[in-house]
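Please find below a colleague's note, written for someone who is meeting this structure for the first time. The points are numbered so that each can be checked against the structure in turn.

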Amino acid sequence: MISMTLAEVARAVGGRLDSVNDDQVTVTAPTAFDSRQVEAGGLFAALPGKRVDGHDFATAAMDNGAVAVLATRPTGTPAVIVDDVVTAMSDLAHDVATRYTGRVLAITGSAGKTSTKDLLTQILSRHGSVVATQRSFNNEIGFPHTVLRVQADTDFLVLEMGARGRGHISHLAAIARPQIGAVLGIGSAHIGEFGSREAIAVAKRELVEALDTSGIAVLNADDPLVAEMADHTRAQVLRFGTGPDADVRAEDITLDASARARFTLRHGDDAAPIALGVVGVHHLTNALAAAALALSAGVGFATVAEGLNDASLVSGSRMEVTERPDGVTVINDAFNASPESVEAALLSLATIAATLRPTVAVLGEMRELGDTAPALHQKIGRQVADLGIGTLITVGGHHAELMAAAARDAGSAQVTHVEAKDEVLELLTEGLRGRDVVLIKGANSAGLFETAAALAAGH
């Protein structure tokens, strides 16, 4: 964190100091909300949880190196007392962001935020120092946590912005005002909460609306709902995509036998061959977005191309490929699932199947789809059949059963439905042979990433 005294922290959050002998003690490390992850010189945010209260761990946090605790009541340790700890984290992050002089880049969209962030961070790291969102910390708690990790000499601050309703992204953008903002695409994730893709687009549009005239809006030219956001920003617009309207575009696109994209990256008069090391044609969009963001931040084209060619996905359970010693390949894409991301993962599996390798899709239910859930699960089932995926195992309740039934009705022969993820490993262990490729995908709450990890380990 950019260094601040406890007195400055208290002023920034509108709090009062308690049990503090010296208000000039300096906070130099980020704010943590897990006492086990406190860094020496940092603050501990005592958040109330469903099962435990962070205030009960104040002493442990101090023992681990915290200089004080953000709390709503005295804890018997040096503390900054506030009315609400989450609000205080946002207020402190805003104060830090106003002191920060580097580049702030923000990413939103229905899918691909974390993968794009991973690719972008590796490109930017070739040009300067980077602080980026860890995992998918992109909500009202994770966002300020990321901002509070920035240092005075950090060149780039890369922030994911999530939204579950109108005003969420506006709130995040007010904490740390981005100079560059990218919208990746509008899908069906959370459509049960928003009501329509158009309503999702309005919420995501808040990012480009927050940019001022000196900013750059990076927009997906291949998505009409994103492309029209150019009319809702004061910023300069840079478009990415595969068509002639894109400023940063992919040409001559092919997929190799492992469903990794090969293409020519073009921007103006510059062009370079790119061979992505990540599996899935959908990562083409993420790669183009990362390239456009990096170019907007002043990174040279050659550096961008080199970075993309060498980049990998460092956040787990996102098209994470493991080749087992027995020849079985496990694709762990189980961090989360939307209709669009499931379709993209199945297309990648089908590309691999074209090499005559047997394929298995383990698909959990998709969540937060509202009234559209039955039809969307049935659509996925039909796609499994249409793509010729050899075996389908669906996991979960009624919607998973609908997906299985739709696959059978469309001609899939090997279809099994189970209610619990614990049944999946037994099914797979009995039937897998060398050269089989297994895709595992489902909503985060389904926990199939645990199944995927166990399968990859050969359990």
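**Notes on the structure**

1. The span of residues 318–443 is 40% helix and 23% strand, and its end C-alpha atoms lie 12 Å apart; helices (H or I, at least four residues) and strands (E, at least two) are DSSP runs, numbered from the N terminus. For these residues, 318–443, UniProt lists "domain: Mur ligase C-terminal" in an unreviewed entry. UniProt positions are given in the numbering used here, feature names are shortened, and annotations may be inferred rather than shown by experiment.

2. This is a predicted model, in which local features need pLDDT of at least 70 and side-chain atom pairs count only at pLDDT 80 or more, while totals for chains, interfaces and linings use all residues. Residues are numbered from 1 along each chain as its sequence is written, and side-chain values use heavy atoms, with hydrogens and water left out.

3. Over residues 34–78 the chain is 13% helix and 16% strand, and the C-alpha atoms at the ends are 17 Å apart.

4. The protein is divided into domain 1 (4–83), domain 2 (100–310) and domain 3 (320–457), with bounds that come from an automatic or database domain assignment. Between the C-alpha centres of domain 1 and domain 3 the distance is 44 Å.

5. In the protein as a whole there are 17 helices and 22 strands. The radius of gyration, taken over C-alpha atoms, is 23 Å, close to the 23 Å that the globule rule (2.2 Å times the number of residues to the power 0.38) gives for 459 residues, so the protein is as compact as a globular protein of that length. The C-alpha trace spans about 70 × 55 × 45 Å along its principal axes.

6. Buried residues make up 55% of the 459 residues, where buried means under 20% relative accessible area, exposed over 50%, and partly exposed in between (1.4 Å probe, protein chains only). Among contacts (heavy atoms within 4.5 Å) between residues at least 6 apart in sequence, 63% join residues at least 24 apart.

7. Strand β19 (residues 359–364) deserves a careful look, since it is mostly covered, with six of its six residues buried. T359, A361 and L363 point one way from β19, whereas V360, V362 and G364 point the other way, and all are buried. In a regular strand the side chains alternate between the two faces of the sheet.

8. Which strands pair with β19 in the parallel sense? Strand β22 (residues 437–441) runs parallel to β19 and is joined to it by five bridges, and V360 has V438 as its bridge partner in β22. Strand β20 (residues 391–395) also pairs with β19 in the parallel sense over five bridges, with T394 in β20 as the bridge partner of L363; two strands pair if DSSP finds at least two bridges between them. The chain crosses from β19 through α14 to β20, and this β-α-β crossover is right-handed, a term used if, with the strands pointing away from the viewer, the path from the first strand over the helix to the second runs clockwise.

9. Helix α14 (residues 373–386) holds Q383, which counts as buried because its relative accessibility is 15%. Leaving aside residues up to four places away in sequence, Q383 touches E343, L346 and L347.

10. N332 lies in strand β18 (residues 329–332) and, at 6% relative accessibility, counts as buried. Among the residues that N332 touches, not counting those up to four places away in sequence, are S317, R318, I440 and F449.

11. Most residues other than glycine have a negative phi, and most peptide bonds are trans.

12. G195 lies in the loop between α7 (191–194) and α8 (197–204) and counts as exposed, at 59% relative accessibility. Although G195 and T372 are 177 residues apart in sequence, they are 9.5 Å apart in space, C-alpha to C-alpha.
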